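Me: I'm new to this one. Could you show me how to read a few of its features?

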Amino acid sequence: MIETILFYIFAMIMVVSGLAILVSTNIVRMAYWLIGMLLAVAGIYFLLGAYFLGVVQIIVYVGGVAVLVVFGVMLTSRQLASQLLPRAWEVVWLICVTGIFLAGLVRMILKGPWAGNVKQSPQTVAEIGRSLLGNFIGPFELASVLLLVVLLGAAYLARPRVPTLGIKK
Amino acid sequence: MQTFERPKIEYTGISKTIAEIAVVVAKIAGPILRRLAWFVFFGVIIFGCAFVWAVGRFVNPLVPWIVRDIIVVAGGLGFVSLVAMVGIWGERKVSGHIQSRLGPMRTGGWHGWLQSLADGLKFVQKEDLIPASADQPLFRLAPYIALVPVICAYVVIPFGASWVFRDRDVSLLFVLAMLGIEVLGVILGGWASNSKWSLYGAMREACQLVSYEIPMGLSLLVPVMAVGSISLVQMGKAQSGGWFNWLMFQNPFLFFAFFTYYIASLASCKRAPFDLPEGESELVAGFHTEYSGFRFVMFFFAEYAAMFAVSAIATIVFLGGWNSPVGDATSGPLWFVAKGMFLVWVQMWIRWTLPRIRIDQVMHACVKYLLPFTMILFVGSSVWQLYGSQFIFYTRFILGGLGLVMVGLFLAGAGYGYVNRGRLVGRLARKHLPGA
Amino acid sequence: MIGLTHYLVLSAILMVLGLAIIISKRNAIAILIGVEFILNAANLNFIAFSRHGIGGISGQTAGIFVIVLAAAEAAVALAIFLNFYHQISSIDIDRGNQLKG
């Protein structure tokens, strides 16, 4: 009962955020609607009993990626050029394409019984830890190497450039 | 300084009746309240605690869970507000005494202890000013993004072995997550004010907060490894029995982890020496320059609530939480609140002693000194747990003794300050004000 | 009650919204926001399946990796966008139509 209410509240927040981003023209507001969506997804993770995932979602996505996006917005929106509003036929085309895609996905989802549709009890953090260091040890180590590469790459790509006289970039 | 002549305002109709009734009530109740304010205030608090305890003890199985939850949530909100108010008053007294003056002395009689209430009333009746060129919805939204996550962090903080609203497997990470959402509120406050100086404060603060989350998380991983659980209740329960069982004294790496966590949490709460975001002598008030009235109160509340939340985490994880230092008879919420408020007081002490450091020095301190040090602590602690646990008796003895020595030094310093308080604070200030 | 199909349909709607944002926006950061929508939709699928018994704990572990990789990709994407902005002083991707530089 309470689960139903919470599910619909979080679903409503997600869908409204998406529609608001589609309609909006102000990039800062789009960034904050994104934060609303990320928090609603974290709420659904808590509802599904995946507490560790929900917490990681908030720490990494809301506290990391969203802050990055907001920084990017504030560093690149100095001129705040007017967003050209899409013309009428472009909107119709968008609705048709996405509508067909959505209809296809939903039909496929509703089509058959999904195997093993039985609710399990929420798993503990210890099981996730054992899985990370057990079955998923390869991806775990690779992810840490990937993060190191990303750290170096992003720092190099975004380095400050001293304006020279056109000799070297 | 006894009576204050109010300028005459003429009311008509209903307002006149209300005004007359109010004047009569104030005339009758004023002197009584002034005498009994102390008793009333503490009576309400004690009654509230007794009520909550009685509900928990006797009514608990009888009412639906929603009623219990509402009562606990109301109690929690009340506690957070109380902590913020005591924090604000304490800040002004501590800053005053460190600066050889006295701080608030009048409101309420003894050392101005009702000053926060008066400040709150003042803020609430202020004009709600929003800059015309500010982004209106975002400007209104920012204080909520700063305040609400910090209050949500209190959902999982245990005040006692069973005094927790919701005990979850991942409560420590949940508190870290909630404290990390505050960054967005601050950036939004700076941006939506549409003022260059607010934006500078907001950007510097975001860099600082996000960078210092890393040493904070790493130094919290060290006790998680020692206990083997991320749940705050488990960490508190693992430290029962006496002060030598506290996690801070188990392991030299844990000893230093406490201090690195404390320093990182100072930066995370935007407290000096890391308080560039609200640099009072530089940016007027940083990211909350344009906020006045109740919106400013929300930012302020968020800061003091976050101060107590990080101190609460430090006490549960390193200092034994609700366990008393001398055995388990008196363990409970009182010890927890006492230890938490002590750490908050130390935060204020540090703020008014150390000078502010520049933003590039802040980032250097994080990346060049604090982060490598916490990594060494993390690796050292894992090696210690694998190979060194036979030294546990000696380390507890030595580190526990070190802890006792620190407490002794602190008490000696406090005693010296108390004995010489006339000379240190200044006789002139003390002589001419009431309530000294 | 809320079953598996509810979560799957929700994630399908989220994905289509993300797709619409990517298609219809000219600001590069708005496109990044749309990509985040799609990644969250996929992650929601993983967790929903894990809770309802298909795949067990691997669903949540895979979810952790999706979050980590999404964060890494957002960081690199923003670094590239900053570069782009320095070059042509505009974040409009329609202006990025030359192979030079």
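Me: Let's start with α11(B): what covers its buried residues?
Reply: The cover includes α6 and α8 (252-268) of chain B, going by contacts, meaning C-beta atoms, placed from the backbone, within 7 Å. Helices here are DSSP runs of H or I, at least four residues, numbered from the N terminus. Bear in mind that this is a predicted model, where local features need pLDDT of at least 70, side-chain atom pairs count only at pLDDT 80 or more, and totals for chains, interfaces and linings use all residues. Residues are numbered from 1 along each chain as its sequence is written, while chains are lettered from A and ligands numbered from 1 in the order in which they are written.

Me: Which residues of α11(B) are buried?
Reply: Buried means 20 or more other C-beta atoms within 10 Å of a residue's own, again placed from the backbone. An α-helix has 3.6 residues a turn, so residues three or four places apart point the same way. In α11(B), the buried ones are V362(B), C366(B), L370(B), T374(B), L377(B), S381(B) and W384(B).

Me: Where does α11(B) bend?
Reply: A bend is the angle between axes fitted to the seven residues ending at a residue and the seven starting there. α11(B) bends by about 35° at L370(B), with a proline, P372(B), following within four residues.

Me: How many residues make the contact between chain A and chain B?
Reply: Chain B gives 18 residues and chain A gives 17 residues. On chain B's side, the largest share, 11 residues, comes from α5(B).

Definitions and conventions. Contact = placed C-beta atoms within 7 Å. Helix = DSSP H or I, 4+ residues; strand = E, 2+ residues; numbered from the N terminus. Buried ≥ 20, exposed ≤ 12 C-beta atoms within 10 Å, placed from the backbone.
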